[in-house]
Amino acid sequence: MSDVPEMSDLLETEEPGFQQVLACVFGIQRHESRTYLTLLENPGSTVAELADSLDRDRSNVNRSLTTLMEKGLAERRRRLLDSGGYIYQYTATELPEAKEMLHAALEEWVERVHRSIDEYGTDSDDAV
């Protein structure tokens with residue numbers, strides 16, 4: 001079974017939690033939505049700090065962060081160290097913006113579903 005919730009999972013849940021909605025709408029895995037929520041509470045975290053907080057391997061956290069950045073749910077900034085070199089720090093997209101993104105994605109999906117319903121039967125391709 002996939003760790004990415006399906007829309008049917010969301011529809012079958014009477015009162016889905018925010019983490020489930022986040023994972024389903026953005027097509028991300030549950031551990032990625034958990035990473036987002038942890039990052040939201042700990043802005044400016046490094047991969048090592050997140051790995052400790054989440055009790056996950058750094059490489060897994062790195063992959064989760066990459067996915068979150070691709071979805072527009074996180075950003076990375078490079079910070080120069082006094083001793084030389086640099087580290088990356090990650091910050092979650094602010095909750096109000098993430099909520100707007102969720103609403104927009106759901107509205108777009110609903111429009112596609114309505115269009116599919118309305119267009120059914122208008123083409124010969126719709127035969128069962």
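Predicted model: local features only at pLDDT ≥ 70, side-chain atom pairs only at ≥ 80, totals over all residues.

**A chat about the model**

Author: In helix H2 (residues 18-26), the buried residues include Val21, Leu22, Ala23, Cys24, Val25 and Phe26. Buried means under 20% relative accessible area, exposed means over 50%, and partly exposed is in between (1.4 Å probe, protein chains only). Helices (H or I, at least four residues) and strands (E, at least two) are DSSP runs, numbered from the N terminus.
Reader: Ok, which residue follows H2?
Author: Gly27 does, and its phi is positive, near 65°.
Reader: And what's the phi of Asp55?
Author: Asp55 has a positive phi of about 55°, although it isn't a glycine. You'll find Asp55 in the loop between H4 and H5.
Reader: Is Asp55 buried or exposed?
Author: Asp55 counts as exposed, because its relative accessibility is 71%.
Reader: How do H4 and H5 pack?
Author: Helix H4 (residues 47-54) and helix H5 (residues 58-70) pack at an angle of about 110°, and their axes are 9 Å apart. So H4 is roughly perpendicular to H5. The axes are lines fitted to C-alpha atoms, for helices over the stretch in contact, and angles run from 0 to 180 degrees between N-to-C directions. Under 35 degrees counts as roughly parallel, over 145 as roughly antiparallel, 65 to 115 as roughly perpendicular and the rest as oblique.
Reader: Which residues make that contact?
Author: From H4, they are Val47, Ala48, Leu50, Ala51 and Leu54, and from H5, Arg58, Val61, Asn62 and Leu65. Contact here means heavy atoms within 4.5 Å. The residues of this contact divide into seven nonpolar, one polar and one charged. (Ala, Val, Leu, Ile, Met, Phe, Trp, Tyr, Cys and Pro count as nonpolar, Asp, Glu, Lys and Arg as charged, and the others, Gly among them, as polar.)
Reader: New topic! How many aromatic pairs does the structure hold?
Author: One. Tyr86 and Tyr88 form that pair, which is edge-to-face, with 5.4 Å centre to centre and 70° between the planes. Rings of Phe, Tyr and Trp (its six-membered ring) pair if their centres lie within 6.5 Å; planes under 30 degrees apart count as stacked, over 60 as edge-to-face and the rest as tilted.
Reader: What sits over the ring of Tyr88?
Author: The charged end of Arg76, 3.9 Å from the ring's centre. Likewise, the charged end of Arg78 sits over the ring of Tyr86, 4.6 Å from its centre. That label needs NZ of Lys or CZ of Arg within 6 Å of the ring centre and within 35 degrees of the ring normal.
Reader: And how accessible is Tyr86?
Author: Tyr86 is partly exposed, with a relative accessible area of 41%. Tyr88 is partly exposed too, at 29%.
Reader: Where does Asp82 lie?
Author: Asp82 lies in the loop between strand S1 (74-80) and strand S2 (86-92). Asp82 counts as exposed because its relative accessibility is 85%.
Reader: Last one: what does Asp9 touch?
Author: Leaving aside its neighbours within four places in sequence, Asp9 is in contact with Gln20 and Arg30. Asp9 is in helix H1 (residues 7-12).

How values were computed: Residues numbered from 1 in each chain as written. Heavy atoms only, no water.
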